[in-house]
Amino acid sequence: MILKEYFGAKAGNWDTRILATDISQNALKAASSGIYDEESLSAIPAAWKQKYFKRTNEPGVYQVADVLKNNVIFRTFNLMDPIRFKLKFDVIFCRNVMIYFDQQTKDALVQRFFNATVPGGYLFIGHSESLNKATTPYKYLMPSAYRKE
């Protein structure tokens, strides 16, 4: 929604596709359905809710509009595997996952993310997570935000 709003009519001139990955088939199935209840959408501005969601036949339940749904690619991916996607990423969001990893595993994952990020690209992690500023290849910007120089 943010990308569509930012780029507006020029969104078609940019590759705004989002690759959504998870190791869980159930999580991917739920995400790809694009179904949300009223409470889940409470923080979304009313204009965005009207523009990017459509009511379903079930009261208080909405589905993501095709303009967004068609822009997301869902893939199974294990973070422990090598990152071998065709293109490097401008932005990687890895939120509230690394808290479950030991330091060695986290460092190896961050290095794989770094190698898969374009120069000038960003890594966003969860607020409960942090990277070692002395050893991370990313430049620290602010809590949860890092940039590849």
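Buried means under 20% relative accessible area, exposed over 50%, and partly exposed in between, using a 1.4 Å probe and protein chains only. By that scale aspartate 66, at 42%, is partly exposed. Everything here comes from a predicted model, where local features need pLDDT of at least 70, side-chain atom pairs count only at pLDDT 80 or more, and totals for chains, interfaces and linings use all residues. Residues are numbered from 1 along each chain as its sequence is written, and side-chain values use heavy atoms, with hydrogens and water left out.

**View 1. Aspartate 66 pairs up with lysine 54.** These two form a salt bridge, with their closest N and O atoms 4.0 Å apart. (A salt bridge here is a side-chain nitrogen of Lys or Arg within 4 Å of a carboxyl oxygen of Asp or Glu.) Aspartate 66 sits in helix α4 (residues 66-69) and lysine 54 in strand β3 (residues 53-55), so the pair ties together distant parts of the chain, 12 residues apart. Helices (H or I, at least four residues) and strands (E, at least two) are DSSP runs, numbered from the N terminus. Lysine 54 is partly exposed too, at 37%.

**View 2. Four strands line up as an open sheet.** Their order is β6-β7-β9-β8, and the pairing is mixed. Two strands pair if DSSP finds at least two bridges between them. The edges are β6 and β8 (139-142), each pairing on one side only. Strands β6 (residues 89-94) and β7 (residues 117-125) are parallel, with five bridges, while β8 and β9 (residues 145-147) run antiparallel, joined by three. Look for tyrosine 140, whose bridge partner in β9 is tyrosine 146.

**View 3. Glutamate 149 meets lysine 139.** In this salt bridge the closest N and O atoms are 3.9 Å apart. Glutamate 149 lies in the segment after β9 and lysine 139 in strand β8, 10 residues apart. Glutamate 149 is exposed, at 60%, whereas lysine 139 is partly exposed, at 43%.
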